Every structure is written in structure tokens, then in C-alpha cells.
Amino acid sequence: MIQKTIIDYLCNLININTTIDSNNEIEGILYIKEVFDNLGIENKIYEPVSGKGNIIATIKGKSDNKILLHSHIDTANYNSENWLFPPDKATITNNCVVGRGALDCKGLVSIWMEIMRNLSLNKHIPENTIIFMCSCDEEQSGKYGTEWILENTNIIDNLKLVIGEGGGYPIVLKSDYYYTIQTEEIYPYNSYELKRINESKKYSYDLINKILNQALDLGYYNKNTLVFYNNIDFQGKRKIAKQSFYENIDLILSRNINRNYTNIFSFIESELKSINQNYKLLPIITPGYSDNRFFRYRKIPTLGFFPLDTRNNISGIHGNNEYISFKSLKLSYDILSKVVDFLSNYNY
């Protein structure tokens, strides 16, 4: 059964309008602060300009090493005429929560809040310090959100890993479900890289294999990624384009940053398999960008992983009738809470 507190957190957050046009992210952040204050969780609000609020909450560990749980409070705009339910008011129907931000990204905010709540109630002090950061402005430039926080606080000191949005949706391949985990995004850091992305390229068979194997060697992919790519024609209705596994990936690899996620990948996949033996982890590099890019630019290991139930439609993200199922919330909490427990005592 899904924890009632997660549903309450999510519904209360959806009921606060934090769309792009609202300039009202601070109200959502103040709600989170109220929850954490009542729990006695150390927290601080940052509001660079009026309405643009961010919050950082901390569960101190024995060491200064930090694990950061990240999400964002702002949401896309909406046209209410195209919704079956009011987008600005949480509706519970058919064991789902419907409303703007349910998937992107107040559902993940609610999961992190519940994990922080349980950590605060646990008398055991973790080895590593756990930070929860909820930022604003992700749906626009990030200027007053994550980018501002990283430039104006010391949050990145001793920061070992970030987990945020960007992956977690399952793809059916034959009889297996591959749960995506985002290891990078194709985002240019300078004009030279932008030029490379815009160049027309021809990918030969040999070049594609070179890219795939180099991504494997540097830790962005694992063996599941190669198996998936080699059997990609057997995908179900939800698909990943074949080109996504190699197109412009050479730009990421040219930075020559080694990511050793082996232990984390193994742990997450073991948790997935404990639920269903046909669940597998699929490390991918995605097009587009999120706030994850600000951490990765600073060479901080960052993973995007918000696991969803296999039947949860994701087309409502930035669209109409956005929803998240109770099963998705339970699955995400069950897995992410164990991942945080694992990382909180990981020996860095």
C-alpha cells in the first residue's frame, strides 16, 4: 500500500499553482518548508528574485560526503479546456492522482519528501549527509533555480552523487521491461560543441560500434544497453529510436569523463528484479536537457531515475491530463528509498 503521506504531499503541491507563467514557485517551496519544520528537518529557502523560490534540506551524516536528491517545483503551463479534470486541483480517480505536475515533477518531490521524513524519524545517523534540493525555474532556463544555487551556495562541496529526474520509464523488449536510467544528456557546453551537434554526420557500422563500446567503457552504458540496442526492433508500443544510442553521443564521450556507476547499477537492478525477474536497468544518454546539466557541467556524477509502473502513460508530461498512478508512486518509493539507504552508507 502506498504511504498516505506521499499522496497528501502530492495533492497539496498540485493544488499550488507553480506553472511557468505564475511566478509562484515560492508558495510550493513554503509548503515544503512547513512540512520539514514540523518534522524538525534542517532547511533553508533561497529566493533570488520575488516568486522564484528554492529549498535545501539536510539530514546530516557522520561524514561531509553528500548525496543530493533533486527535483523541481515549477511546472509547464496548461490549457484547462483540454483536460478531463481541473489541472490546477489534484483529482484522485482510478487509483491515480491527476493534475499538472503529477509526473513532472511534483511526484518525485513527494517521494523525496517522504524519504526525508523517514530519515528524520530514524535514530540511526547515516554515514553520508543526505541533501534534498527542490528548485524553481527548471522549465525555463534554470537561471534562478539550480544554476543560481550552484553559483551562490557551497552545496557542491563534497557532493558525490545527484539523483533527479530524466529516466525511470520502462520500455518493453520481448518479455522484459527495461527501466531507463539517464547517465547524461546531449547538451552543448560551448559554441564548439554546439557546432558539432549541428554538423551533418554519417554513422557507419564501425563508428556506431566504437561509440557504443566507448560509452560502455566510460560507464555511461552497461551490457543491458548493448543487448537492448542489438534487439531494438522487438520493442513494444513505447519506443526509443535506434539513433538515440549513438547520434551525437561522441560529443559526450569526447569529454573523456569516466563514470563508474557499476555498484549503483547492480544495486538498482537487484531491487528491480526483486519485484519482477523480467525487470532490467537500461542506462541511456538522452537528447534535450534538464537541470541535471548544471551538475554534470561541474563534473558531478548525476543520474536521472524516477521509476514508474509499466502501465503509467507518460504522454501527459507538458500535455493534457497528466497523471501518476498509485502503483507508480509505490514502486518509486520502494526502490528509491532503498537506493537512498544504500547510498547513505556507501563508502566514498
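The legends below describe close-up views of a predicted model.

Residues are numbered from 1 along each chain as its sequence is written, and side-chain values use heavy atoms, with hydrogens and water left out. Because this is a predicted model, local features need pLDDT of at least 70 and side-chain atom pairs count only at pLDDT 80 or more, while totals for chains, interfaces and linings use all residues.

View 1. Helix α6 covers residues 205-217; helices (H or I, at least four residues) and strands (E, at least two) are DSSP runs, numbered from the N terminus. The 13 residues of α6 reach 18 Å from the first C-alpha to the last, close to the 18 Å expected at 1.5 Å a residue, where the expected span is 1.5 Å times one less than the number of residues. I208, I211, L212 and A215 are the buried residues of α6. Seen down the helix axis, these buried residues fall within an arc of 95°, so they line one face of α6; the arc is that of the directions from the helix axis to the C-beta atoms. An α-helix has 3.6 residues a turn, so residues three or four places apart point the same way. D206, K210 and D217, on the other side of α6, are exposed. Here buried means under 20% relative accessible area, exposed over 50%, and partly exposed in between (1.4 Å probe, protein chains only). The buried residues of α6 pack against α7 (223-230) and α8 (249-253), contact meaning heavy atoms within 4.5 Å. After α6 comes G219, with a positive phi near 95°.

**View 2. The crossing of α1 and α2.** Helix α1 (residues 4-14) and helix α2 (residues 25-39) have axes that come within 9 Å and cross at roughly 150°. Axes are lines fitted to C-alpha atoms, for helices over the stretch in contact, and angles run from 0 to 180 degrees between N-to-C directions. α1 and α2 are therefore roughly antiparallel to each other; angles under 35 degrees count as roughly parallel, over 145 as roughly antiparallel, 65 to 115 as roughly perpendicular and the rest as oblique. The crossing of α1 past α2 is right-handed. A crossing is left-handed if the near helix is turned anticlockwise from the far one by less than a right angle, and right-handed if clockwise. On the α1 side the meeting residues are D8, Y9, N12 and L13, and on the α2 side G28, Y31, I32, V35 and L39.

**View 3. The crossing of α1 and α3.** Helix α3 (residues 106-121) packs with α1 at an angle of about 135°, their axes 9 Å apart. The two helices are therefore oblique to each other, and their crossing is right-handed. From α1 the contact uses T5, I6, Y9, L10, L13 and I14. The residues of α3 in this contact include V109, M113, E114 and R117.

**View 4. Helix α2 and what covers it.** The end C-alpha atoms of α2 are 22 Å apart, which agrees with the 21 Å that its 15 residues should span at 1.5 Å a residue. E25, I26, G28, I29, Y31, I32, V35 and F36 are buried in α2. Among the elements covering these buried residues are α1, β1 (42-49), β2 (52-59), α3 and β6 (129-135). G40 follows α2 and has a positive phi, near 75°.

View 5. F295 belongs to helix α10 (residues 292-297) and counts as buried because its relative accessibility is 0%. Its C-alpha atom is separated by 8.7 Å from that of T146, 149 residues apart along the chain. Not counting residues up to four places away in sequence, F295 touches L68, H70, M133, T146, L150, L159, V162, I300 and T302. E114 is part of helix α3 and is buried, with a relative accessible area of 1%.

View 6. D104 and C105 are joined by a cis peptide bond, with omega about 5°. C105 sits in the loop between β5 (96-98) and α3. In the loop between β6 and α4 (146-152) lies D137, which has a positive phi of about 70° although it is not a glycine. D137 is buried, at a relative accessible area of 3%. K299, in the loop between α10 and β11 (302-304), is a residue other than glycine with a positive phi near 65°. K299 counts as exposed, at 59% relative accessibility.
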